[in-house]
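User: I would like to go through this protein with you. Could we begin with the strands and then move on to the interior?

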Amino acid sequence: MNWKKTWKNILFIILFLGVLSILVSPIAEAQFWQALPPYNTLWPLWNPILSPADPVTGFPTPIVNNLRPTTILPVQPCLTWDPSWAYPFLLYNTPLGMAYYEPAQGVNLWPPKYLVDSVTGLPLPIPLPTFYVNYTPSAADWLLNNVQTANLSYIANYPSFALTANPIVLPPVLTSALPGLDIALINLVQPPPSITSLLNAGQLIY
């Protein structure tokens with residue numbers, strides 16, 4: 001056996017593995033997003049509230065494992081992103097299921113129509129580009145400019161979701177004499193979350 005050649009091969013393998021670990025390590029550390037079913041929208045691994053470190057592995061782990069309409073968010077708003085959009089969606093709980101905010105359309109039930117097949121009603125997962133995990137976190141200025149507005153819009157729209165989920169039928173004489181009574185009653189039965197219970201922009205920034 002040629003020991004000199006064997007040691008050279010071993011040394012080469014050690015050096016190769018060392019170089020490989022140096023090259024791979026920054027890539028692993030730069031994983032900012034994780035795709036969640038069923039629509040493949042991205043979840044922020046860079047935010048410690050939305051993706052706290054797993055106590056065993058130390059890796060950031062999303063607080064939810066899917067973004068179906070029936071998913072209940074442990075905190076709100078949460079954030080998810082379709083990379084074909086310039087900004088993320090902010091996600092909220094409602095009595096009708098999960099809702100989302102985006103500046104052009106305000107608060108609507110999740111998911112956006114383009115993520116669902118109009119014939120079958122089945123999810124249409126978005127195609128993800130290569131290395132999507134390395135995309136940079138959401139812009140701080142967008143979050144600073146939009147989270148408070150989104151939270152207020154969510155609270156303002158919450159009664160309409162609650163009323164649809166739990167209709168209050170009043171006599172016509174009351175509805176004509178006291179417009180908005182149904183909203184007032186639903187706010188007593190199922191009040192919206194307080195503004196202080198919602199995450200602010202600072203808590204959503206990287």
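Analyst: Tyr 92 stands opposite Ala 99 in β5. Please note that the model is a predicted one.

User: How many bridges join β4 to β5?

Analyst: Five bridges join β4 to β5, and the two strands run antiparallel.

User: What is the strand order in the open sheet?

Analyst: The open sheet has four strands in the order β3-β4-β5-β6, with antiparallel pairing. Its edge strands are β3 and β6, residues 106–109 for the latter, and each of them pairs on one side only. From one strand to the next, the twist averages 35°.

User: Which strands does α2 lie across?

Analyst: The helix α2 lies across β3, β4, β5 and β6, and runs at about 25° to β4.

User: Stepping back, how many helices and strands are in the protein chain?

Analyst: The protein chain has five helices and six strands. Read from the N terminus, the elements follow the pattern α-β-β-β-β-β-β-α-α-α-α. As for contacts between residues at least 6 apart in sequence, 58% join residues at least 24 apart.

User: What is Trp 110 in contact with, leaving aside its neighbours within four places in sequence?

Analyst: Among its contacts are Leu 67, Arg 68 and Pro 69, as well as Phe 89, Leu 91, Ala 99 and Tyr 100.

User: A change of topic: where is Asn 66 found?

Analyst: Asn 66 is in the loop between β2 and β3.

User: Is Asn 66 buried or exposed?

Analyst: Asn 66 counts as buried, because its relative accessibility is 13% and the cut-off for buried is under 20%.

User: Finally, what share of the protein chain is buried?

Analyst: Buried residues make up 34% of the 206 residues. The accessible surface comes to about 12100 Å², and 66% of it belongs to carbon and sulfur atoms.

Definitions and conventions. Residues numbered from 1 in each chain as written. Predicted model: local features only at pLDDT ≥ 70, side-chain atom pairs only at ≥ 80, totals over all residues. Heavy atoms only, no water. Buried < 20%, exposed > 50% of the residue type's maximum accessible area, 1.4 Å probe, protein only. Contact = heavy atoms within 4.5 Å. Areas by Shrake-Rupley, 256 points an atom, 1.4 Å probe, with all protein chains shown as cover. Pairing = 2+ DSSP bridges. Axes fitted to C-alpha atoms, helices over the stretch in contact; angles between N-to-C directions.
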